Amino acid sequence: QSCHKVFKLTDEGRPPPVAGSDVWRRLHSTHMAKPALPRVLFGTSALGNLFVEPTHDEKKAVVEQVLKAVPTALFDSAGKYGAGLALEELGRCLEELGVEPEQVLISNKLGWKRVPLTTPEPTFEPGAWVNLKNDAVQAISYDGIMECYRQGNALLGKYEARIVSVHDPDEYLGAAADEADLEARRADVLGAYRALAELKAAGKVQSIGVGAKDISVVGFVSDHVQLDWAMFACSVTPFVHGEVARGLLRKLGEQGVDVINSAVFNAGFLIGGDHLDYVKITRESRPDAFAWREKFTALCGEFGVSPAAVCVQFSFLFPQIVAVALNTTKPSRVQSNVELANASIPPALWRRMREEGLISIDV
């Protein structure tokens, strides 16, 4: 988890302008209506063997439960997940379950392409992916994104990703060696979005978006590309919801951009985990965070609601947020995730959280 801010945002969520941005905005087309997003998106990193290697039948059981739990399921995948394995497994599971292409929505985050594995372990994210037969390399540019799009659909088989984005542009920009390199990488990112805009104008995809942990990059992209949606991570939760993030939400709302919220538990910490935004912490290193969590957990208990439900429903206090992204490797948890998105939270709980300084917005 990088806390490097590629751009400095104002309270209105605006990064510095870049000359020539209207070129990309003009490429936007409403040729194909963007799909309405369900309240819950289901991640597919587990299909790519993230940390563990489930059997194919175990993966299919999760996919089957998702299909049963919601009218039209939206699976969020990426070429980076298991070097394309997640896309491959998703297509295989859907076909074996007899799902027609028009019955499902697939999002593919583009920017990593499958290549042959020539080393003992994959060269990307060492230690994260288990028993892969391929490697993946980053390909963020106009041509790279087009190649990732074609490869992704080939891996999906009879299915196509109709919802597309560039995968982690913040990490790509944050790796710049100097200002000249950053400028070249900005051009690569905008070239990647030119490719997506052309795919949408041609009717090949329904919507284009952006997702980043560093929300300054969401602001940068949204000022140069007419987005349909944006995904936040670790930026709007009961624990953290600063004015810059709220300003960016307002700006995106004015632009007609739907927002998907992810990492709503701050990577598990808010519901009892040891990692806050993917960094392991202790009571000694972050006493403030542990004190906040104890008060939060006690208050949830007092009102008879689960901390997980409160975290998910906090997202929907902001009208710009229309969906949350949740992950599970267990079929038994799929339905409970859907229930979190439809849970009812007593208004008095929000007022108490405000009074006790746990949140900084009036509800």
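These legends accompany several close-up views of a predicted model.

**View 1. Eight strands close into a barrel.** Going around, the order is S1-S2-S3-S6-S7-S8-S9-S12, with parallel pairing. On average, neighbouring strands of this sheet are turned by 25° against each other, direction ignored. As a reminder, strands of a sheet pair through backbone hydrogen bonds, either parallel or antiparallel.

**View 2. Strand S1 meets strand S12.** Here residues 40-43 (S1) and residues 321-326 (S12) pair in the parallel sense, over three bridges. To find your bearings, look for Phe 42, which stands opposite Leu 326 in S12. Helix H11 (residues 334-341) lies across S1 and S12, and H11 runs at about 145° to S1.

**View 3. Helix H7 packs on the sheet.**

View 4. H3 covers residues 85-96. If you like a quick check on geometry, twelve residues at 1.5 Å a residue should span 16 Å, and the end C-alpha atoms of H3 are 16 Å apart, so the two agree. The buried residues of H3 are Leu 85, Ala 86, Leu 87, Glu 89, Leu 90, Gly 91, Cys 93 and Leu 94. Their cover includes helices H2 (56-69) and H4 (142-156), along with strands S2 (74-78), S3 (105-110) and S4 (112-116). Following H3 comes Gly 98, whose phi is positive, near 75°.

Note on methods. Residues are numbered from 1 along each chain as its sequence is written. This is a predicted model: local features need pLDDT of at least 70, side-chain atom pairs count only at pLDDT 80 or more; totals for chains, interfaces and linings use all residues. Side-chain values use heavy atoms; hydrogens and water are left out. Helices (H or I, at least four residues) and strands (E, at least two) are DSSP runs, numbered from the N terminus. The expected span of a helix is 1.5 Å times one less than its number of residues. Buried means under 20% relative accessible area, exposed over 50%, partly exposed in between (1.4 Å probe, protein chains only). Contact means heavy atoms within 4.5 Å. Two strands pair if DSSP finds at least two bridges between them. Axes are lines fitted to C-alpha atoms, for helices over the stretch in contact, and angles run from 0 to 180 degrees between N-to-C directions.
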